[in-house]
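Dear colleague,

I am handing over the structure we spoke about, with the sequence alongside. Below it I have set out what was found, and I would be glad if you read the two together.

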Amino acid sequence: MMKRILIYSLLMLAMGMSAQEVPTFFPRKFLLEHFTSANCNQCPMGMKYIVEYLDKQTTPYIWVSHHAVYGTDEYTIPASNAIAMNYLGMNTVPSVVFNRSKQDGLMVIGAWTIENLVVKDDTVAEASVVIEHQFDVATRRLDVTVSGQVANRDRKEYLLSILIKENGLVGKQEDAYCSWKGAKWQEYMHPRVVRDFVTATFGDTVRVENQAYNYTTSYIIDETWVPENCCVVAYLTPLEKSPVINAEQVALVAGTEGGEQYGPYGITEGKGPNTSISFDSVRVTRLSKGQLEMMMTSSRTIK
């Protein structure tokens with residue numbers, strides 16, 4: 001009997017399998033896709049609702065922001081519009097999508113309505129998502145491998161999406177709540193902006209073998225992006241593109257937080273392209289997780 005067990009174990013190892021059984025489920029991180037625009041004068045208030053909602057949650061969320069739908073701004077990319085308008089049929093922002101699954105009968109939810117939302121998705125997943133990567137500062141080359149185990153024995157293929165997001169981007173933002181002072185545009189910190197997809201917009205197909213998958217690729221980080229403020233995000237969906245089964249993110253540069261430590265919205269320390277502008281008022285609120293909400297109002301118009 002011992003010989004049979006040993007031979008069986010050796011055969012599994014030779015085939016790339018582990019003698020240890022694959023778990024029946026994995027801890028899940030939720031993907032929050034936030035849709036916004038610098039041209040949307042309600043989006044700063046929408047950001048406030050999202051921050052306050054997440055500040056009360058215990059479920060681990062991975063937040064990405066698409067600049068889409070409401071015109072084109074400096075952070076809009078074709079992939080974001082493809083997800084928002086072509087796939088989700090979205091026609092307004094600010095909006096959020098949780099795991100590309102319906103909540104209270106809707107997949108697309110107005111940011112101003114999420115205060116009392118209870119996301120009904122499971123906190124465990126049928127597959128895991130693990131990111132391993134190396135980033136060469138000199139060449140700006142990212143080598144990334146995403147792998148995982150799969151508890152669902154029936155599913156043989158998934159779509160794996162990998163994207164780069166950047167924090168701390170300071171630019172213009174229309175804001176209805178400062179227009180009374182004549183300032184059509186505020187200088188604004190845009191967080192968690194989706195910069196580009198490493199894979200296809202809706203993911204590359206990965207095949208499951210022996211209840212596991214593995215995907216490796218490389219990507220050159222744009223010279224205008226700040227690597228220390230960037231994160232690599234990966235998430236897994238069925239071939240139908242929804243729901244999001246599991247997600248993960250890591251800081252692009254080891255030893256940093258990828259800019260996730262910055263205030264969730266607003267402007268800090270006057271950094272950015274409009275450093276000469278003077279602000280008439282500053283309102284700072286400390287949130288419970290050590291983050292600061294900083295809103296600055298100016299009577300001048302930012303060109």
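A residue is called buried here if its relative accessible area is under 20%. With that cut-off, the buried residues of helix H3, which spans residues 78–87, are Ala79, Ser80, Asn81, Ala82, Ile83 and Ala84. Please keep in mind throughout that this is a predicted model.

Just after H3 comes Gly89, whose phi is positive, at about 65°.

For the overall setting, the protein has 303 residues, of which 53% count as buried, and its secondary structure comprises three helices and 18 strands.

Strand S15 deserves a separate paragraph. Eight of the eight residues in this strand, which covers residues 230–237, are buried, so S15 is largely enclosed by the rest of the structure. In a regular strand, side chains alternate between the two faces of the sheet. In S15, Cys230, Val232, Ala234 and Leu236 point one way, while Cys231, Val233, Tyr235 and Thr237 point the other way, and all of them are buried. S15 pairs with strand S9 (residues 157–166) in the antiparallel sense over eight bridges, and within that pairing Leu159 stands opposite Thr237 of S15. S15 also pairs with strand S16 (residues 246–251), again in the antiparallel sense, over six bridges, and here Val233 has Gln249 in S16 as its bridge partner.

There is also an open sheet of three strands, ordered S7-S8-S14, in which the pairing is antiparallel. Strands S7 (130–136) and S14 (212–220) stand at the edges, each with a single partner strand, so one side of each is left without a neighbour in the sheet. On average, and with direction ignored, neighbouring strands of this sheet are turned by 10° against each other. Strand S8 (residues 141–149) is joined to S14 by nine bridges, and the two run antiparallel; in this pairing Val144 stands opposite Thr217 of S14.

With kind regards

Terms used: Residues are numbered from 1 along each chain as its sequence is written. This is a predicted model: local features need pLDDT of at least 70, side-chain atom pairs count only at pLDDT 80 or more; totals for chains, interfaces and linings use all residues. Side-chain values use heavy atoms; hydrogens and water are left out. Buried means under 20% relative accessible area, exposed over 50%, partly exposed in between (1.4 Å probe, protein chains only). Helices (H or I, at least four residues) and strands (E, at least two) are DSSP runs, numbered from the N terminus. Two strands pair if DSSP finds at least two bridges between them. Axes are lines fitted to C-alpha atoms, for helices over the stretch in contact, and angles run from 0 to 180 degrees between N-to-C directions.
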